[in-house]
Amino acid sequence: MDSLHRLAADLVAIDSRSAVSNLAIAERIEAELGGFEVERLDYTDAAGVAKRALVAHRGPPGGLALSGHMDTVPETGWTEDPWAPRIEDGVLHGLGSVDMKGAVAACILAARAVPEGVPATLLITTDEETTKAGARAVAGSALARSLGLRGIVVAEPTGLVPVRGHRSSVNITARAHGVQAHSSGAAGRNANWALIPFLAEMRAIHLRLREDPALQDATYDPPFTDFNLVIDNHGTAVNVTVPLATCRIKFRASRSLDREPILAEICAAAERAGVELAIAAEGSPPELAEDHPLVRQAVRLAGQPARTAAFGTDASELQALAPCVVLGPGAIGSAHTPRECVELAALEAAVPLFARLLTEGSRGS
């Protein structure tokens with residue numbers, strides 16, 4: 001498994017935060033795909049940054065695909081170099097090690113390991129941590145759509161337990177505008193005073209989502225939906241009236257919750273407060289029945305019962321191509337922390353499991 005360890009470490013060593021270009025890591029991955037047909041899906045994100053997603057295939061059409069993303073969250077809180085991968089006591093440390101560069105390396109080795117007569121497809125995305133733009137590009141890929149895939153395994157960290165469904169996000173941005181001036185005078189207008197009434201209404205919605213059983217889903221843990229809020233004054237000093245106040249909300253819900261009434265409340269609150277509002281929704285929450293063939297196959301090969309997950313993945317967009325199950329190495333609790341890591345044994349266990357999924361998927365098992 002030395003090649004697995006080296007590839008995982010090589011990927012961690014490349015800075016691929018969602019805010020920067022991922023072309024370097026995409027090229028490193030493509031170098032591992034000799035013998036595969038590769039479609040490069042190039043696009044420019046909203047900030048003008050060059051991005052690339054990859055679709056790679058070898059063998060006949062059909063079967064399953066393995067999917068992972070190249071981008072990471074920012075390096076917030078890291079006290080060590082996040083792009084200096086280190087292995088200690090059988091654990092790989094570094095930004096993106098568990099979410100999800102180690103899993104991407106495992107997917108690549110599994111796809112290369114299956115016999116050439118077995119269809120092996122890789123769907124490698126970017127911007128998963130932000131806009132899911134890479135997954136949408138893959139879902140529209142000519143190569144991917146030509147393959148007649150019967151299922152997709154999204155290799156996010158689940159401890160190799162099959163996840164049959166998860167929540168999907170609506171990303172909400174509210175902006176209040178003021179006039180910048182010295183705060184001691186009368187010429188300025190602080191944008192926060194317009195934003196605060198809107199925030200008060202968002203707090204009330206947050207509490208209802210947490211406390212009203214009618215807005216919860218008992219098949220998920222936790223049963224209440226995510227309604228996380230981040231506020232930004234864009235570096236304004238305390239002696240300056242704030243010219244722009246922004247709040248961002250991630251509203252993440254399972255399929256059972258009708259999001260539209262909540263979104264209508266948010267729009268009405270923004271209008272009352274006089275703040276600008278932008279709403280960007282991911283695809284509908286992906287959720288397969290426990291007796292779906294892909295779920296049954298994943299359960300049998302993983303030896304674990306299927307569950308649901310509170311987090312989101314590219315499956316919200318990739319389900320447009322084929323049904324998705326989420327199944328990957330490592331613990332989600334390590335992701336998005338300054339202590340991110342993954343056990344090498346977990347990556348090693350994922351490779352033969354992914355290879356079995358591809359092999360049986362070619363037979364429609």
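Guide: Gladly! On a 1 Å grid over the protein atoms alone, a pocket is an open set of points with protein on both sides within 12 Å along at least five of seven lines, while a cavity is a set where a 1.4 Å probe fits but cannot get out; lining residues have an atom within 4 Å of a point. Points are joined across faces, edges and corners, and a volume is the space filled by probe spheres set on them. This is a predicted model, where local features need pLDDT of at least 70, side-chain atom pairs count only at pLDDT 80 or more, and totals for chains, interfaces and linings use all residues. Residues are numbered from 1 along each chain as its sequence is written, and side-chain values use heavy atoms, without hydrogens and water.

Visitor: How much space lies in the second largest pocket?

Guide: About 250 Å³. Its lining includes Ser-18, Tyr-43, Lys-51 and Asp-127.

Visitor: And which residues lie nearest the centre of the largest pocket?

Guide: Glu-129, Thr-130, Asn-171, Arg-248 and Lys-250, out of 41 lining residues. The volume of this largest pocket is about 1,400 Å³.

Visitor: How many cavities of 30 Å³ or more does the structure hold?

Guide: One. The largest cavity has about 40 Å³ of space, and Arg-167, Phe-224 and Ser-254 are among the residues that line it.

Visitor: How is the lining of that largest cavity divided by class?

Guide: Ala, Val, Leu, Ile, Met, Phe, Trp, Tyr, Cys and Pro count as nonpolar, Asp, Glu, Lys and Arg as charged, and the others, Gly among them, as polar. Here the largest cavity has five nonpolar, four polar and two charged lining residues.
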